[in-house]
Amino acid sequence: MAEKYIVKSCLSGDTLVLRARAIPGQPSKERILHIAEVSAPRLGTSQRDDEPFAFESREHLRALVGKEITFESTYSLPSNDAIPRDVGIPYLNGQPIINDLIKAGWVKVKDTKRELTDEDIQRRAIETEARNAGRGIWNPSSAPPRTVYHTMPNDSQGFITQWKSKSINGIVENVRDGSNLRVRLILSPAEHQFVNLSLAGVKCPRAAAREGEVSEPIGEEAKQFVDIRLLQRPVTVTLLSLPAPTATPFSSQPSDAPQAASSFIGTVIHAQGGNIAEHLVANGLARVIEWHAGMLSASGGMARLREAERVAKEKKLNLYGMSTTASTANAFSSAAPSNTARNDFEGPVVRIWSADQISVYDSAAGKDRRFQLSSVRGPKYEHLYIVLGRDDEPYSRSTDQSQAPYGIEAKEVLRKKLIGKTVHVHVDFVRPGEGDYEERECATIRFGQQKTNVSEQLIEKGLVTVVRHRRDDENRSPDYDKLIAAEQEAAAASRGLHSGKELPTPRIVNISETHSKASQFLPSLKRTGRHQGVVDFVAAGSRFKRYLQRDVEVQFENVDKAGGFIGSMYVNKTENVAVSLVREGLAYVHAYSAEGLSFSKQLFDAEEAAKAERKNIWKDYDEAAEAEATATESADGAMKTQYLDVIVSDVRPSPQFGFSVQILNNDGITALEKLMREFSLHHQSNKSSSSTYAPKTGELISARFSGDNGWYRAKVRRTVTNKKECEVVFIDYGNQETVPFTHIRPLDERFRSLPGQAQDARLSFVKLPEPSSDYYDEAVSRFRSLCEGRKLIANIDAKAGPLLHLRLIDPADSSSPTDSINTQLVREGYAVIDRKGCKYYSAYPTILKRLESDTQEAKTTRSGMFEFGDVSPEDD
């Protein structure tokens with residue numbers, strides 16, 4: 001019984017490639033059959049042209065592809081590639097094919113030296129009939145002119161430009177693997193072009209190309225799948241793109257000559273079967289390639305591939321059912337969104353951190369949540385510490401200097417579009433912490449009525465790029481294909497990062513470095529009036545949070561001792577920020593400095609309104625108590641004498657002189673001693689610290705003091721997240737220090753009720769030399785020697801908000817009612833009368849007279865700062 005074979009392909013009009021019936025999991029056995037007794041014109045190669053009518057002859061025989069035949073072998077030929085080769089007569093449905101070929105005129109009967117048989121005589125008669133009828137190769141007209149290009153076009157870019165997105169008829173001549181084909185494109189009856197084609201949007205495992213090679217898993221199955229359906233079948237090809245050019249580091253000079261690509265990228269459609277790529281994915285024989293999304297998204301091709309992928313994964317077919325896929329995915333996938341936090345909500349954008357990170361206020365959680373834009377990467381930055389002298393200012397430096405301007409532009413685009421606006425947040429996944437990188441929620445952010453994806457807009461402008469996820473990484477943006485398409489569009493248009501241009505990095509100058517430098521700029525700034533700006537950093541925490549990264553106008557008035565500017569700030573042209581803060585009970589009015597302002601009445605009225613409504617800092621305001629305190633002042637404005645026992649707990653020489661005291665005349669110190677005993681026991685039994693705890697500005701925490709490694713209550717002044725440290729003030733002693741996150745803990749609720757026992761203070765009536773003075777360090781040292789470690793008596797001469805103006809008295813060294821450490825410092829030339837900062841001095845004529853006398857004595861004796869004469873440092 002003759003063995004049955006399927007016609008796989010036709011090498012010419014007289015040669016067939018046969019394959020055995022497919023057996024799942026095994027490659028089909030093949031053999032080549034040369035039809036006996038006839039010959040057909042030879043098809044051409046890259047070295048020679050087609051013989052006349054060779055293509056037409058082959059096309060006639062190609063009708064057998066996919067059909068089942070049998071054959072009688074006349075004899076076998078030697079094989080060079082382990083594929084059996086036979087010469088014989090094929091049969092279709094029991095009838096010999098050879099007579100039909102001769103009758104159609106597409107083959108010639110070979111001459112023979114042996115004696116003719118009846119079959120030979122019959123074939124020659126059929127041939128004579130075909131010749132007389134002018135059929136096939138016997139056509140009296142010459143073969144139609146045809147140019148066949150067997151190699152890729154020399155100008156591949158020009159070719160793709162001419163034929164891109166056009167439907168071209170073709171024939172699949174070879175299947176290299178499931179996703180790489182060799183196709184004859186029939187550009188016209190007179191022009192054929194062979195091309196190598198990679199299927200757009202998919203990639204199959206590699207199949208062995210020659211004997212001895214090992215195929216990748218599922219590679220042979222994918223190749224066979226395409227062989228059976230497309231090999232030597234008519235198809236419609238749409239060319240979409242060229243593959244990305246490969247780097248050539250050792251090439252000499254770049255050439256402007258057209259280049260031949262190794263392949264094109266496109267789609268292959270069978271008239272009955274549709275897009276072969278979709279069938280490959282649906283059967284788990286190929287994976288989707290994300291970076292082809294730009295070619296396919298507009299036509300919906302990528303969406304169909306994704307749907308096919310989803311079905312294959314659900315059914316766990318082939319590639320999607322392999323155990324290695326699951327284990328790899330489990331090893332590298334990110335965490336699912338948290339069940340405790342909302343994963344889909346709307347809220348206002350409160351901060352733009354970088355080109356790909358923003359913070360949104362979640363009203364249900366009552367806090368800001370920081371998000372990484374899903375599947376997006378902006379230029380990376382290092383902080384520019386020289387700009388503002390701070391560690392967490394928004395301006396930063398990119399690790400790639402050529403990208404820095406684009407990163408700054410991207411951040412500015414986000415600021416203008418989103419800051420203060422309500423956006424829709426969908427948390428796609430959570431990227432786990434690793435090394436120095438903290439856990440981060442990754443989300444898709446949409447804004448406006450059209451719910452526009454902000455990531456897509458940034459990518460379209462070329463300001464950020466799309467993350468290339470691992471193929472088994474399911475944690476990505478739900479609009480990932482659109483993002484890829486947007487990036488390819490930006491690259492094609494050479495926008496932003498894809499332009500290859502190096503833009504100049506914005507030059508940022510800090511004119512507040514010193515008092516002298518700031519003073520140089522003040523006159524011109526005042527003359528110009530209001531200046532436009534952006535609030536980029538808020539040192540005062542939540543009080544100014546509402547203005548962070550908003551457009552504002554500022555008007556300069558003066559410069560402080562450290563070089564900081566003093567002035568007014570306006571939002572929306574008319575809203576005075578100072579007035580707004582006071583009206584909301586978020587700030588006090590400094591009466592002396594406010595009196596000289598044009599809007600002083602608005603400030604005082606705003607403060608009265610905040611007091612009446614008990615807003616924020618005025619929530620415990622007692623109007624009767626304030627009236628009583630005012631009544632205790634004498635008619636001339638001096639406060640009623642009230643001596644207190646104090647201890648100076650901390651001395652701060654920078655940025656300007658100040659100190660803290662603990663008042664001993666109340667029950668607070670006793671309560672503090674009891675609290676500290678319990679506090680110490682609490683921390684001995686709970687020794688674990690977490691570097692992931694990042695406190696907020698203004699938050700009460702437990703912090704370890706470097707002086708004795710003990711734990712104390714502290715308040716956060718500023719958090720430096722990138723350095724994982726924060727500046728704190730120890731509320732019971734006044735010390736200030738920068739501590740790492742590993743040395744802080746959340747403060748237990750039972751230690752929060754006792755108010756901080758340290759009071760910020762300054763010396764009444766007098767001030768020490770300026771920090772820039774040669775005598776400043778001596779003055780501070782002298783103050784320490786007079787005050788530290790001693791129990792002193794203090795009188796409160798004035799108050800400026802929470803700041804106490806104190807006259808310090810050492811009871812062991814006081815013989816006169818006017819004696820004090822204040823006067824002693826003046827007498828020794830380490831302090832002068834502060835007429836500008838202590839306007840109340842006129843209410844204390846006796847004290848003032850004593851201070852003036854001590855000043856004159858210091859000048860006479862050339863003490864301290866008067867060593868070289870009367871420098872007249874006091875303010876008049």
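Reply: Helices (H or I, at least four residues) and strands (E, at least two) are DSSP runs, numbered from the N terminus. This is a predicted model: local features need pLDDT of at least 70, side-chain atom pairs count only at pLDDT 80 or more, and totals for chains, interfaces and linings use all residues. Residues are numbered from 1 along each chain as its sequence is written, and side-chain values use heavy atoms, with hydrogens and water left out.

Me: OK. Which residue is the bridge partner of Ile 701 in E38?
Reply: Pro 746. Three bridges join E38 to strand E34, residues 700-704, and the two run antiparallel.

Me: What is the strand order in the open sheet?
Reply: E37-E36-E35-E34-E38, five strands with antiparallel pairing. The edges are E37 (736-740) and E38 (744-746), each pairing on one side only. From one strand to the next, the twist averages 45 degrees. Axes are lines fitted to C-alpha atoms, for helices over the stretch in contact, and angles run from 0 to 180 degrees between N-to-C directions.

Me: Which strands does helix H19 lie across?
Reply: E34, E35 (711-720) and E38. H19 covers residues 668-685 and runs at about 75 degrees to E35. Contact here means heavy atoms within 4.5 Å.

Me: Switching to rings. How many aromatic pairs are in the whole structure?
Reply: The search finds 19. Rings of Phe, Tyr and Trp (its six-membered ring) pair if their centres lie within 6.5 Å; planes under 30 degrees apart count as stacked, over 60 as edge-to-face and the rest as tilted. One of the pairs is Phe 705 with Phe 730, edge-to-face, at 5.4 Å centre to centre and 75 degrees between the planes.

Me: Why does that pair tie together separate parts?
Reply: Because Phe 705 lies in the loop between E34 and E35, while Phe 730 lies in the loop between E36 (725-729) and E37, 25 residues apart in sequence.

Me: Is Phe 730 buried or exposed?
Reply: Buried, at 2% relative accessible area. Phe 705 is partly exposed at 21%. The cut-offs: buried is under 20%, exposed over 50%, partly exposed in between (1.4 Å probe, protein chains only).

Me: Which residues do ring pairs link into a cluster?
Reply: Phe 705, Tyr 712, Phe 730 and Tyr 733.

Me: Last one. What lies over the face of Trp 711?
Reply: Arg 745, at 4.3 Å from the ring centre. A charge sits over a ring if NZ of Lys or CZ of Arg is within 6 Å of the ring centre and within 35 degrees of the ring normal.

Conventions. Two strands pair if DSSP finds at least two bridges between them.
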